[in-house]
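Here are some notes for a first look at this structure. Please keep the model open while you read.

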Amino acid sequence: MPSSPPVDNNGAAYFDFRAADRVPESHAWTALNEEDSAPVVAAAAAPGDDAVPVVDMRDGDTSAVAVAARAAEEWGAFLLVGHGVPDDVLARAEEQAARLFALPAAAKARAARRPGGSSTGYGVPPYLLRYPKRMWAEGYTFPPAAVRDEFHRVWPDAGDDYHRFCAAMEEYDAAMRALGERLLAMFFKALGLAGDEVTGGETERKIRDTLTSTLHLNMYPKCPDPDRAIGLAAHTDSGFFTFILQSPVPGLQLLRRRPDRWVTVPAGTPRALIVVVGDLFHVLTNGRFHSVLHRAVVNWGSDRISMPYFLGPPADMKVAPLMASGSPPGSKAVYQAVTWPEYMVMREKLFGTNVSALTMIRVAKEEDEET
Ligand SMILES: C=C1C[C@]23C[C@@]1(O)CC[C@H]2[C@@]12CCC[C@@](C)(C(=O)O1)[C@H]2[C@@H]3C(=O)O
Ligand SMILES: O=C(O)CCC(=O)C(=O)O
Ligand SMILES: [Fe+2]
């Protein structure tokens with residue numbers, strides 16, 4: 001692995017992507033990209049097996065639940081359509097994210113992450129600083145409930161731009177949270193844990209009522225040499241699940257195993273959201289749902305914006321496998337209980353390696369493991 005030092009220590013330094021006519025050494029992933037020999041399967045040419053599953057929430061409960069469960073088991077991700085989130089809510093959120101990234105560097109820098117690995121603000125998320133190279137992306141992380149406080153830093157005058165931005169993020173938040181609760185109910189149904197069954201019903205309610213959300217806005221500027229750069233390196237999301245609103249420019253890729261290959265998620269389905277299963281849902285389902293490695297590539301001709309909305313447990317909730325009523329008799333919990341912050345600490349140590357942090361909390365073998 002190349003060992004160039006990180007560009008900065010807290011992610012606050014501003015790199016002017018617009019002015020870059022080449023990819024500097026600090027952002028050059030050439031050697032790392034070469035280590036990853038998995039081919040890329042183009043979305044348009046994807047044959048049956050490599051077509052990203054589509055879940056249509058209008059398809060009646062039973063059918064949508066079954067398709068979502070199979071996709072979460074086999075892919076750890078799917079495209080979600082028929083979700084009922086109004087087009088204009090998604091369009092306003094995207095438009096406002098684009099406006100944020102188009103602001104002058106000084107305005108964005110006012111909202112920089114605070115030194116010491118602050119989890120909110122403008123700049124590189126602290127875990128990504130573990131990689132030896134920087135990514136071709138700008139990012140902004142914030143809990144949506146705090147949008148008005150956070151963005152005062154960007155717009156200290158609290159004028160119309162500030163209000164328009166906050167209102168758009170608040171309506172995106174409300175819609176995504178409501179959708180998250182509906183999807184959680186579908187997942188619980190699929191796991192045989194929903195409804196009137198006493199313990200399952202209570203667990204579902206507790207998880208639903210305490211879901212915490214984080215918004216991370218990504219902007220991947222067009223890149224003079226896309227093969228030498230990466231927008232977001234391969235990772236799994238750590239929480240329960242993530243909704244990603246992506247612009248019509250493709251870039252998100254999912255790793256499919258045996259043989260390894262990167263499948264590009266099509267970006268052409270208007271208003272489709274991508275659902276990505278995270279590590280803590282992998283734990284909760286005892287490995288039945290699969291947290292998927294994914295990454296974002298960049299391209300030469302267009303900027304790309306994505307707006308992942310992360311849902312997970314509150315910081316003090318221990319997440320442990322829920323043994324479904326339908327689990328085979330004698331099945332054992334494969335993972336030990338862990339809180340989200342505990343898991344993040346373990347995972348940080350492994351970031352940038354090919355080892356999943358799930359191995360650190362695994363206490364037994366998963367059913368489909370080969371050895
Ligand atoms: C809720 C969160 C998920 C995230 C860590 C965070 O606290 C906020 C940023 C998220 C993000 C976005 C880019 C990729 C990622 C792995 C990262 O380093 O920061 C994810 C984190 C995650 O899913 O663990
Ligand atoms: O940009 C994308 O499509 C993916 C973003 C993502 O995976 C993340 O922010 O965790
Ligand atoms: Fe992700």
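1. Start with the shell around ligand 1. Its residues divide into 7 nonpolar, 5 polar and 2 charged. Bear in mind that this is a predicted model.

2. Which residues come nearest to ligand 1? Among the 14 residues around the ligand, they are Y127, T214, D237, S238 and R347. An N or O atom in the side chain of S238 is 2.6 Å from an oxygen atom of ligand 1. For R347, the corresponding distance from a side-chain N or O atom to an oxygen atom of ligand 1 is 2.4 Å.

3. Is ligand 1 covered or open? Taken alone, ligand 1 exposes 460 Å², and the protein buries 94% of that. Two elements give two or more residues to the shell: β6 (212–220) and α9 (340–350). The largest share comes from α9, with 3 residues.

4. Now turn to ligand 2. There are 14 residues around this ligand, and Y220, H235, H294, R304 and S306 come nearest. The shell divides into 7 nonpolar, 5 polar and 2 charged residues.

5. Check the polar side chains at ligand 2. A side-chain N or O atom of H235 is 3.1 Å from an oxygen atom of the ligand. For H294, a side-chain N or O atom is 3.0 Å from an oxygen atom of ligand 2. D237 also takes part: a polar atom of its side chain lies 3.3 Å from an oxygen atom of ligand 2. D237 was named above as well, among the residues that come nearest to ligand 1.

6. How much of ligand 2 does the protein cover? On its own the ligand has 300 Å² of accessible area, and the protein covers 97% of that. The elements that give two or more residues to this shell are β6, β7 (232–235), β12 (294–296) and β13 (304–312). β13 gives the most, with 4 residues.

7. Next, the interior. Nonpolar side chains tend to be buried together in soluble globular proteins. Here the largest nonpolar core has 78 residues. F151, L217, F241 and F243 have the most contacts inside this core. Helix α6 (residues 160–190) gives the most to the core, with 14 residues.

8. Leaving aside neighbours within four places in sequence, its contacts include L80, M176, L179, G180 and L183. Also in contact with F243 are I274 and V275, and the run M307, P308, Y309, with L311 as well.

9. Last, the backbone. Most residues other than glycine have a negative phi, and most peptide bonds are trans. The peptide bond from R258 to P259 is cis, with omega near -5°. P259 lies in the loop between β9 (252–256) and β10 (261–264).

10. The other two places concern phi. A158 is not a glycine, yet its phi is positive, about 50°. A158 sits in the loop between α5 (147–150) and α6, and is partly exposed, with a relative accessible area of 24%. R271 has a positive phi too, near 65°. R271 is in the loop between β10 and β11 (273–277). R271 is partly exposed, at 26% relative accessible area.

Conventions: Residues are numbered from 1 along each chain as its sequence is written. Chains are lettered from A and ligands numbered from 1 in the order in which they are written. This is a predicted model: local features need pLDDT of at least 70, side-chain atom pairs count only at pLDDT 80 or more; totals for chains, interfaces and linings use all residues. Side-chain values use heavy atoms; hydrogens and water are left out. A nonpolar core is a set of buried Ala, Val, Leu, Ile, Met, Phe, Trp, Tyr and Cys residues joined through side-chain atoms within 4.5 Å. Buried means under 20% relative accessible area, exposed over 50%, partly exposed in between (1.4 Å probe, protein chains only). Contact means heavy atoms within 4.5 Å. A residue is near a molecule or strand if one of its heavy atoms lies within 4 Å of it. A polar contact is a pair of N or O atoms within 3.5 Å; within protein, one must be able to donate a hydrogen and the other to accept it, and residues adjacent in sequence count only if both atoms are side-chain atoms. Accessible areas come from the Shrake-Rupley method with a 1.4 Å probe; for residues, only the protein chains shown count as cover. Ala, Val, Leu, Ile, Met, Phe, Trp, Tyr, Cys and Pro count as nonpolar, Asp, Glu, Lys and Arg as charged, and the others, Gly among them, as polar.
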